[in-house]
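This report describes selected features of one protein chain. The sequence and structure follow.

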Amino acid sequence: QITEALLKERDKQAKWNGIPLLLQKLYQHSHPNSDFSQCQSILKEISPLLSMEAMAFVTEDRKAAQESTFPNTYTFDLFGGVDLLVEILMRPTLITQKKKQKISDDLIKDCLSILYNTCICTEGVTRRLAERNDFVLFLFTLMTNKKTFLQTATLIEDILGVKKEMIQLDDIPNLASLVSSFDQQQLANFCRILAVTISELDTGSDDKHTLLAKNAQQKKNLGPSRAEINQATLLNIPGFIERLCKLATRKVSETTGTSSFLQELEEWYTWLDNALVLDALMRVANEEAEQSSTESSDESGLANTSTRTQLPQSMKIMHEIMYKLEVLYVLCVLLMGRQRNQVHKMIAEFKLIPGLNNLFDKLIWRKHSASALVLHGHNQNCDCSPDITLKIQFLRLLQSFSDHHENKYLLLNSQELNELSAISHKANIPEVDAVVNTDRSLVCDGKRGLLTRLLQVMKKEPAESSFRFWQARAVESFLRGTTSYADQMFLLKRGLLEHILYCIVDSECKSRDVLQSYFDLLGELMKFNIDAFKRFNKYINTDEKFQIFLNQINSSLVDSNMLVRCITLSLDRFENQSDAKVAEVLSECRLLSYMSQMTMRMSFLFRLINIIHVQTLTQENVSCLNTSLVILMLARRKEKLPFYLRTLQQMEYTEKYPGFILNNFHSLLRFWQQHYLNKDKDSTCLENSSCISFTYWKETVSILLSPDRTSPCAIVSYIDEAYMDIDRDFSEE
């Protein structure tokens, strides 16, 4: 509505660079009956003004960039450019006539690039677009076109990143046929977008949320969440999981020697700063590769083709890594979701595990990868280099794959499975059903299975490496569930126990996360296994070493309580066995002798109850409560429960603070009842890991919580009236 003259007059002074005038022209040429022929040339004039700014934004240090203003993109948005482009893009969907208007691919591409550049530079544009649900769903339909796929995908990813509500994949028109129209490269890019739609919004800090808050949230959300509905939608797309498994396991046909391409890669990357540029170059690289492969179909022949194709080859590997990252992430989320068993079956059938095993040395844990690609301005150890992220994603996948699932034996190869059977026969114990039932055609092939390969790299990992945590978690999840002697021996024979003790004691590991994962793994490895305790004693063979080990345990009981639980349970079982070998280890082993002292057990119990409170319980520290319960259940079996409670009372008096431990414990146990008596999964975990029936857990808690002040096993009998403080209700503060 502003006159042209006025716009011209203000233009120079306001440094508008003619954008308002160009937009006015664009508006006139995009009326409903126009053929859009003029629009493109106008956009071609606007586009460079904006892309310069976007490139500056991406390459400059982001912080500095946000402080500087981006006048062109701002002006473009101010004068309605964003809304106008959305209208142009969506015009064909509004027309009902037989003769549909066709917008050229180039015009679509220009519109999308300009929108993307404006989103990057100008605050709030992405959010505004995200609020327009019709536009977001419309963008998905543009993905069917190969030529505009990349621009569309990049814009969608940006928009979904800021969208307040998660979109429902069900709403996307013809989702199944859209996905089946993608080639593998597009599917991998599509996985980046899917990641946002299937992950719960706050999974990042799951361990940190208090259980009170989580339980309150669960009461509110009765039905499945949007993320869960989206996961189900994906699983119903025919062939979807199969294609992801193929993508995850496909090989990169390597045409250059390993060492040279890494240097080339760094040169490429210092120059490239933008994923879009990378994709554009990949196109060139692919076309070149296609030409050369038609000239010689023999892969070894490719090595002699010109250097022109060798440079992009290094990028191909990087690209493959980036793709695999996205795909493994999606598979990992699905493996942890509601349809876990269905996903497990499919992943096994499509041989994901043997496929990853074959890629392990060449791609996932390749040599040199420490110095490999470094994104601009980052050091190589920071967790955002694709190489590092791929390793972590791979380890997370292994962890969720083997956690409490019989398919975990697919991580071994045939010889290794035979070895498990041999261990069972030799020890005269029945084989685990899952081992017998494992389909040998789906296991790893080659000299080693994935689990053994993982152990190898784990031992070589530098002391301060951030991978140690994930490696230990992955191996621990293989041992989780009902304790299997054969599984433990399989790992003990490969020196795992000594490696863990070396890290805890000799290298005096300082990282809390790594220590916690090592203690958990050690607990699973040693539980009920007399050979493991014997090995432990052989390694920790001086008082000095044992003291360092105890200091590490005592430095944070939240991190080490699962190991304390394992030692307590194992000691209890060994004491009830009449076996000469067991008796010998019991008398010699420093660790078992230490734990068999009543004062030590009481000290652990006192501290375990003291470090947690109902208001601060999380998924991570609730294990302290369960460990304290294990100590008391074993006491109850020996009819020593009153003695333990009386000792706690005396310890309170020594600390000159009567009631503070027992009142707290009373509240914690009431919370325990609320939390565990309405879920099924947790109770089986408690049973499996302790070999104590859940009924016994429940009974023990009820006895402890009995209101009868004359009962020798009730907590209230040990709190003086004056110090009673047990009737408060929990609130979600």
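In this predicted model, Phe 140 touches Ile 156, Leu 160, Ile 167, Ile 172, Leu 178, Phe 190 and Ile 193, with residues up to four places away in sequence left out of the count. Phe 140 is also among the residues with the most contacts inside the largest nonpolar core, together with Phe 135, Met 143, Phe 394, Leu 491 and Phe 549. That core has 216 residues. The most is given to this core by helix α19 (residues 307–335), which supplies 13 residues. Because domain 1 (1–161) and domain 2 (605–619 + 632–732) both give residues to the core, it lies between them. In soluble globular proteins, nonpolar side chains tend to be buried together.

| Helix | Residues | Detail |
|---|---|---|
| α15 | 240–249 | contains Thr 249 |
| α38 | 660–676 | 24 Å from first C-alpha to last |

A polar atom of the Thr 249 side chain lies 2.8 Å from the backbone oxygen of Cys 245. Apart from neighbours within four places in sequence, Thr 249 is in contact with Lys 324, Lys 351, Leu 352, Gly 355, Leu 356 and Leu 359.

Helix α38 has 17 residues, and its 24 Å reach is close to the 24 Å expected at 1.5 Å a residue. This helix is mostly covered, with 14 of its 17 residues buried.

Notes
Residues are numbered from 1 along each chain as its sequence is written. This is a predicted model: local features need pLDDT of at least 70, side-chain atom pairs count only at pLDDT 80 or more; totals for chains, interfaces and linings use all residues. Side-chain values use heavy atoms; hydrogens and water are left out. Helices (H or I, at least four residues) and strands (E, at least two) are DSSP runs, numbered from the N terminus. The expected span of a helix is 1.5 Å times one less than its number of residues. Buried means under 20% relative accessible area, exposed over 50%, partly exposed in between (1.4 Å probe, protein chains only). A nonpolar core is a set of buried Ala, Val, Leu, Ile, Met, Phe, Trp, Tyr and Cys residues joined through side-chain atoms within 4.5 Å. Domain bounds come from an automatic or database domain assignment. Contact means heavy atoms within 4.5 Å. A polar contact is a pair of N or O atoms within 3.5 Å; within protein, one must be able to donate a hydrogen and the other to accept it, and residues adjacent in sequence count only if both atoms are side-chain atoms.
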